[in-house]
Amino acid sequence: MTTKVYIPRDSSALSMGAEKVAVAIALEAKQRGLDVEIIRNGSRGLYWLETMVEVATEQGRVAYGPVKVSDVASLLDADFLNAKPHALSLGLTEEMDWLKKQQRLTFARVGITDPISLTDYIAHDGYKGLKNALALSAADIVKTVTDSGLRGRGGAAFPTGIKWKTVLACEAKQKYIVCNADEGDSGTFSDRMIMENDPFVLIEGMTIAGIAVGATQGYIYLRSEYPHALVALNAAIASATEAGYLGDNVLASGKAFNLEVRRAAGAYVCGEETSLLESLEGKRGVVRFKPPLPAIEGLFGKPTVVNNVISLATVPIILDKGAQYYADYGMGRSRGTLPIQLAGNLKHGGLVELAFGITLRELLYDYGGGSATGKPIRAVQVGGPLGAFLPESQFDTPLDYEEFTKIWAVLGHGGIVAFDDTVDMAKMARYAFEFCAIESCGKCTPCRIGATRGVEVIDKIIAGKDTVKNIKLVRDLSDTMLNGSLCALGGMTPYPVLSAMNHFPEDFGIANT
Amino acid sequence: MQALQTQIDALISQHQNMPGALLPLLHAIQDNVGYVPESSYTHIAKALSLSVAEVHGVVSFYHHFRTHKPGRHILQICRAESCQSMGSESLEAHAKKCLNVDYHQTTTDEAITLLPVYCLGNCALSPAVMLDDEVYGRVSAADLDGLIAEAKA
């Protein structure tokens, strides 16, 4: 009998040697005359256990990890193909505490299916959402998304349904759906995981968006740092097109939707939607003034929906199970679930999808297992390089857009980066300015000049020169950037800078005030 | 040189009719040639009805594009916060010292060009580096030595 063995093709798993493990298992099994079928699935997102190898049994999949090439012979000696115990045994995958407690809606299939198999996608509830959508009127699709409470998962948290409604109401011969896959925030990888590990769900979400607002062309603006996602998306688009899920007549509905991946080129600011549109048009990624909103005058001047990967990839389950099903998760005005990414100095980094409302502390210690270095966690940065640094006293804040606003922080794209007590917060503040200086598009003065001046002033503070005067100067400068910048890059750089200064004044040579 | 231009001209004619053709074209040139030669700007500009200044402006705006021939391999070290929290600074220093280059420079044997990168999306396994198209996670100085030796071989 053929035994099915699952070995991830996700790039983080590959970064821990998954390819070599797959080759070694295939070779070793062949030499021993064992009948093995290797399936390259996505990662379950328990990254500290990669390469995590699973074996299919009648009770479900049984996991082993972290597997190195040097473990392969002993795994086979221990008869892991029959789920026998080994030092690396993790038990039934679905019963693992870390996974069992999660509420995976957007990530329902991630790690389970073969990412580029359309058959596998359909066998796991894929394309049910699109089928439902095709039976609804455009306005009803938009209403379903609005009623679900889904808000933009890229960071701005703008209600997705409202954006769609604006585009639907625009009269135009050509409209576009643009997926913002320029996931540049440090500590985030949920977009990458979706694109590498379940690309069809993004394609389905974009198709539903196209049908809803009357757009016939979609673009995925993908960061150039994600070569594996590019391969997976292109393969999935090709098979979806071949099977009639994309093209000029989607599932014989008479409606057209075509999709193309466009590669970004390493500019962080292109994650800002108007700069992204400039880049898609073949220009420098310089931010546009708003209004006009992209929903009214977007790509090539046409009405355009610009949504993040996670927002679009969440649409299929909403259309499949209904707005209420999704809205039943979450707290306050933050409805549904958030794919949270645990990163940086944590023992157990990875992907945790949960309803809004869980606290940072639970995430850092119950899921994250504390710091990787074993030292106390001193600070966490939530929401990427433009997110605030939070001290231990704020770890009980629940993940909720409004709760984070109250403590002058942001959830952003749901990335959490932990730092142990060796971190120098003055250095981190300097880095925030430096990053802004490197990545500024140059259109507005507060960001272009302010970031460079910020680095200079922080350098003086670090050198202990006129500390009190220079701290005041950084606060003034931050005020100008906050209120005078054209987009979030300059406008939010003060978040990491001021939060570092406010919560960790001792690192700046000033007394706790 | 002539062969290079012929190759680029072929790529220009393949891409020039796409909407927003410039970025896909620049990617195609860099993927095939290894960089975007400044000598190609006039051809690109003419085909896309742009000025040479506009082409230069776009190439220079994006960190990904380079205008000089790189080494046989590209080694990128992540400088973002998550990797910093796991000691990427010492990894950067180690790489620069071993290769005897700074960022954006190529080793004298033309084997490796060293570049900084801001996030590889491997943040649960920091620090991360990328050698050509492959990402490596939880990279120690010894791991990096191994990768460098492999690339130089």
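This is a predicted model: local features need pLDDT of at least 70, side-chain atom pairs count only at pLDDT 80 or more; totals for chains, interfaces and linings use all residues.

Let us begin with how chain A is divided.

| Part of chain A | Residues |
|---|---|
| Domain 1 | 3-95 |
| Domain 2 | 118-327 |
| Domain 3 | 330-420 |
| Domain 4 | 425-508 |

The centres of domain 3 and domain 4 of chain A lie 23 Å apart, taken over C-alpha atoms. Their contact uses 10 residues from domain 3 of chain A and 13 residues from domain 4 of chain A. On the domain 3 side, strand 14 (377-382) and strand 15 (389-391) of chain A each give two or more residues. That side has eight nonpolar residues, two polar ones and no charged ones.

Next comes the contact between the chains, which takes 35 residues from chain B and 47 residues from chain A. On the chain B side, helix 2 of chain B gives the most, with four residues. By class, this side of chain B has 21 nonpolar, 11 polar and three charged residues.

Finally, meet helix 6 (residues 88-99) of chain B. Its 12 residues should span 16 Å at 1.5 Å a residue, and its end C-alpha atoms are 16 Å apart, which agrees. Which residues of helix 6 of chain B are buried? They are B:S88, B:L91, B:E92, B:A95 and B:L99. Seen down the axis of helix 6 of chain B, these fall within an arc of 100°, so they line one face of the helix. The face turned away carries the exposed residues B:S90, B:A93 and B:K97. The buried residues pack against strand 1 (73-78), helix 5, strand 3 (112-117) and helix 7 (141-152) of chain B. Just after helix 6 of chain B, B:N100 takes a positive phi of about 55°.

Key
Residues are numbered from 1 along each chain as its sequence is written. Chains are lettered from A and ligands numbered from 1 in the order in which they are written. Domain bounds come from an automatic or database domain assignment. Two residues are in contact if their C-beta atoms, placed from the backbone, lie within 7 Å. Ala, Val, Leu, Ile, Met, Phe, Trp, Tyr, Cys and Pro count as nonpolar, Asp, Glu, Lys and Arg as charged, and the others, Gly among them, as polar. The expected span of a helix is 1.5 Å times one less than its number of residues. A residue is buried if 20 or more other C-beta atoms lie within 10 Å of its own, exposed if 12 or fewer, and partly exposed in between; C-beta atoms are placed from the backbone. The arc is that of the directions from the helix axis to the C-beta atoms.
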